[in-house]
Amino acid sequence: MSQIRGRFKKAADKKVDQYTASIPYDWRLYPYDIAGSIAHARMLARQGIITDKEAETIVIGLNGVKEEIALGQFLFKAELEDIHMHIEARLIEKIGDVGGKLHTARSRNDQVALDMRLFAKDAIANTLVGLGELQKALVGLAEANQDVVIPGYTHLQTAQPVLLAHHLLAYFEMLQRDTARFIDCLKRVDVMPLGSGALAGVAYNIDREFLAKELGFKAMSRNSLDAVSDRDFILEYEAAASLAMMHLSRLAEEIILWSSAEFGFIELDQAYATGSSIMPQKQNPDVAELARGKTGRVYGSLMALLTTLKALPLAYNRDLQEDKEGFFDTVDTLLSTLEVFSGLVKTLKIKPEKARQALEKGYILATDLADYLVRKGEAFRIAHEVVARLVSYAIEQNKSFRQLTLAEYKRFSKLFAKDVFDITIESSLAARDVTGGTAPCQVEKALANAKKAIGARGGR
Ligand code: ARG
C-alpha cells in the first residue's frame, strides 16, 4: 500500500510526499497507535463487527509490528505519510486482507487525536516525576545548608539578608504551582476521542465506554467535530511547560550569577560544568545557560501552535499535523532540563564564606536600623530618612555600620543607644518571623511543609 490515492491517476510528486509526510517525527507515536488499534480491534470483535478470530489475528499482527519497530527492523518510507499508515500497511503485509478490517469504524482523524492524547498523558506523568525530583534536590540542598545566609536582592542590589534555604524554597514554590498546572491540564487531556471518526461519528454500533476503559481514559469526548479538531490539550501542556521553563530559566540565571567569581556563592560540580577551549581557568555553567536558552524554543512552540489553530474551520484540517514537532520538542526539552537540573542542584557546592563576605557589603542592615528607630517611637518615614543620611555618611567615611561609634550614630538621631550594636545579620533574620518570612524558625517550618508536600505526592 502506498499513499491513499484511490481516485487518482498518478502518484504524488516526490517533493509533495516529503512535504506532507509526518513520519519523520510521528513515528514515535507507534506504541500509542498500536495500543489504540489493539483496543479498537477487541472492541470491534465484542460488538460483532469483526469475528473474534479476526481480532486475534490483528492483535498478534500488531504486536509483531510493534516489535519490529522497537527492534529497529521496521522500514519507514517517505511515501507513506504517517505512523498510522505505516502500521496498517505493514499489518496487511503480515496478516493479509484481514488487516484491512482494522480501520472499520475509525478514521486517522480520531486515531491521531487518540495517539496524541495517550502521548500527552505519559508526558504529563513524566513531567510530574521530573518536577518532583528537582523539588527534592532543592529541599535537600536547603536542608544541608540550613544556616547559610546570603544577601537578598531587589533590582539586583543588596537588599536584606535571607537564608539560602528560603531562597531555594522560593523555587520549590514555583515548581509546586507548575505541578498543579500539569495535574489540572491532565483532566482535559484524559478524554477518549475514538468514535468521532473523520468528523461526524461512525456508522457502526461501537462501544466507546469499552474503549475508554481499555485505554485507561477517565472521560469520553462529547462532540465528534470538536474531538478531531481540538488541540487545546497540547496548548495547555505547552503553556504549563513555558511557565516551568521560565522558572527554570530564572534559576539558571541565578546559578550563572552565583557561580561567577564576583558572587562566588556556589561552585558547580565538575560533572555539571564545562571548560573553555582557550581560557584554562574557566568552569562554565553551560548547562544553566542552555536551560535559559532553550526556554525560547518552548515559548516558540506555544506561539506557533496558537497561531496555527487560530483561524481553522471545523473540523480536521491538515494544518493540525503541525502540532507535533513543537509538542515533542517541548516535552523533550522540559524533561531533559528537569533531569539535568536535579543532578546539577544535588551536586552544587555552597560556599558560605563568600556569602558572608557579600553580606558585609552594601549596608544590608539599613532597614533593620530604620526598624530600630521605629521601635523607639520614630515614624517610619523619618527613620528611613535618618538612616539614608547615616548611610551616606558611612560611605563618605568608608566605614561599615559596625565601625561607626555611638557618638556618630547620635549625630543622626538621639534615639540611637548602645543596643544599636545588637543589630546583626542574625537579629535581622530572626526579626522576620512571619509566615513566609526568612526567620530561621519559619524556614524550618517551610522546609517541613515542603517535605510533606513531596511525600504526599507518593514518593515519585
Ligand atoms: N498525519 C496526520 C496528522 O498528523 C494524521 C491525520 C491525517 N488525516 C488526514 N485526513 N490526512 O495530523
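Visitor: In which loop is H155 found?

Guide: H155 is found in the loop between β1 (149-154) and β2, where helices (H or I, at least four residues) and strands (E, at least two) are DSSP runs numbered from the N terminus. This is a predicted model, in which local features need pLDDT of at least 70 and side-chain atom pairs count only at pLDDT 80 or more, while totals for chains, interfaces and linings use all residues. Residues are numbered from 1 along each chain as its sequence is written, and side-chain values use heavy atoms, with hydrogens and water left out.

Visitor: Is H155 buried or exposed?

Guide: Buried means under 20% relative accessible area, exposed over 50%, and partly exposed in between (1.4 Å probe, protein chains only). H155 has a relative accessible area of 75% and is therefore exposed. Its phi is positive, about 55°, although H155 is not a glycine.

Visitor: Which residue other than glycine has a positive phi near 50°?

Guide: That residue is Y363, found in the loop between α13 (352-360) and α14 (366-375).

Visitor: What does omega tell us about the bond that joins L314 and A315?

Guide: Omega is about 0°, and the peptide bond between L314 and A315 is cis. A315 belongs to the loop between α11 (286-309) and α12 (323-346).

Visitor: How many residues does helix α18 have, and how far does it reach?

Guide: The expected span of a helix is 1.5 Å times one less than its number of residues. Helix α18 (residues 440-456) has 17 residues and reaches 24 Å from first C-alpha to last, close to the expected 24 Å.

Visitor: Which residues of α18 are buried?

Guide: Q442, V443, L447, A450 and I454 are buried in α18. They line one face of the helix, because they fall within an arc of 140° seen down its axis; the arc is that of the directions from the helix axis to the C-beta atoms. E444, K452 and A456 are exposed on the other side of α18. The buried residues pack against α6 (108-144), β2 (157-163) and α7 (164-189), contact being heavy atoms within 4.5 Å.

Visitor: How many aromatic pairs are there?

Guide: Rings of Phe, Tyr and Trp (its six-membered ring) pair if their centres lie within 6.5 Å; planes under 30 degrees apart count as stacked, over 60 as edge-to-face and the rest as tilted. The count comes to 15 aromatic pairs. One of them is W258 and F265, tilted, at 5.8 Å centre to centre with 55° between the planes.
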